[in-house]
Amino acid sequence: MIIFMGDLMDKATVARLIALMERAGFVDGRTTAGEMAAQVKNNNQVDSDDPLIPEMRQILNECLEKSYLFHSAARPRHVRAALFSRYVPGME
């Protein structure tokens, strides 16, 4: 089931996160994929060692923590560390 959470972040928070992503270092997304997924995965992800990743994850986690919809729909016991991905022209 996919649930759209359109009001998870306000525009200022989205802009802050985008600004951080524009400065972050990206690596081949296949580094986080399993053997089968790596054969078809074609994207970039922020390097997990990038010094900006903790701040990016904190921003997202704070938004998720405040979201009633997230908690009522997902009912998480634990939230894993987020991966931030991008696609550039030619990636699917």
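Residues are numbered from 1 along each chain as its sequence is written, and side-chain values use heavy atoms, with hydrogens and water left out. Because the model is predicted, local features need pLDDT of at least 70 and side-chain atom pairs count only at pLDDT 80 or more, whereas totals for chains, interfaces and linings use all residues.

View 1. Arg57 is buried and has no salt bridge, the nearest side chain of opposite charge being that of Asp49, 8.3 Å away (buried means under 20% relative accessible area, exposed over 50% and partly exposed in between, with a 1.4 Å probe and protein chains only; a salt bridge places a side-chain nitrogen of Lys or Arg within 4 Å of a carboxyl oxygen of Asp or Glu). A polar atom of the Arg57 side chain lies 2.8 Å from the backbone oxygen of Ala82. Not counting residues up to four places away in sequence, Arg57 touches Ala81, Ala82, Leu83 and Phe84 (contact means heavy atoms within 4.5 Å).

**View 2. Arg16 in helix H1.** Arg16, in the helix spanning residues 11–23, is partly exposed, with a relative accessible area of 42%. Leaving aside neighbours within four places in sequence, Arg16 is in contact with Glu55 and Ile59.

**View 3. Met1 in the segment before H1.** Met1 is exposed, its relative accessible area being 90%.

Note on methods: Lys and Arg count as positive and Asp and Glu as negative; His and the chain ends are not counted. A polar contact is a pair of N or O atoms within 3.5 Å; within protein, one must be able to donate a hydrogen and the other to accept it, and residues adjacent in sequence count only if both atoms are side-chain atoms. Helices (H or I, at least four residues) and strands (E, at least two) are DSSP runs, numbered from the N terminus.
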